Amino acid sequence: MLAHLVLWILIMQRINKKVLIVDNNDAFRTSLVSFLKDLGHEVFESATGQDAIDKASSIRPDLIMMDVQLPVLNGDEVTVRLKSNRSTRNIPVVINTGWTTACNIEARVERARIAGAAEVLYKPLQFPMVRSILRSYLMA
């Protein structure tokens, strides 16, 4: 019985996960999508906060990687809405930001954490760091 459980866990860890990338920068989004697809994950894209909320509700991704600065609804606001929705509240959200200390980044990081972000990453993202995040949240 234990051997079957261990085998099942190993199989589940190898199953490709669904990741939603939310960023209005086409070049950044394309680069991250390509990297994640090369790792074998199923990747979905959104360029706006409202589209991210709609897609997250319908596809139920295993992880959301979201820029903090989006048109209309910023990443913090989108995260608050996702965390208040029963069908999306347990999806980990990793906020990405290119803002620096000149933009009062400490307050932005705190705001993202209060919103429910699991992590806050700083752009430019390094792919080894992204791989580490995937291992943490997807058991990849």
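**Note on helix packing and nonpolar cores**

1. The crossing of helices H2 and H6 is right-handed. The model in question is a predicted one.

2. H2 covers residues 26-38 and H6 covers residues 127-138; their axes lie 12 Å apart, at an angle of about 55 degrees.

3. On the H2 side, the residues in contact are Ser-31, Leu-32, Phe-35 and Leu-36. They meet Phe-127, Val-130, Arg-131 and Leu-134 of H6. Sorted by class, this contact has 6 nonpolar residues, 1 polar and 1 charged.

4. The largest nonpolar core has 19 residues. Within that core, Val-22, Ile-64, Met-66, Val-78, Leu-82 and Ile-95 touch the most other members. At least two core residues come from each of strands S1 (18-22), S3 (63-67) and S4 (93-97), and likewise from each of helices H3 (49-59), H4 (75-83) and H5 (105-115). H3 gives the most, with 3 residues.

5. Which residues does Val-78 touch, not counting residues up to four places away in sequence? They are Gly-49, Ala-52, Ile-53, Met-66, Leu-70 and Leu-73. Apart from the core described in point 4 lies another, of 17 residues, including Ile-21, Leu-36, Leu-125 and Leu-134.

6. Leu-36 in H2 and Leu-134 in H6 take part in the helix contact, and both are among the members of the 17-residue core.

How values were computed
Residues numbered from 1 in each chain as written. Predicted model: local features only at pLDDT ≥ 70, side-chain atom pairs only at ≥ 80, totals over all residues. Heavy atoms only, no water. Axes fitted to C-alpha atoms, helices over the stretch in contact; angles between N-to-C directions. Helix = DSSP H or I, 4+ residues; strand = E, 2+ residues; numbered from the N terminus. Left-handed = near helix turned anticlockwise from the far one by under 90°. Contact = heavy atoms within 4.5 Å. Nonpolar A, V, L, I, M, F, W, Y, C, P; charged D, E, K, R; others polar. Core = buried A, V, L, I, M, F, W, Y, C linked by side-chain atoms within 4.5 Å. Buried < 20%, exposed > 50% of the residue type's maximum accessible area, 1.4 Å probe, protein only.
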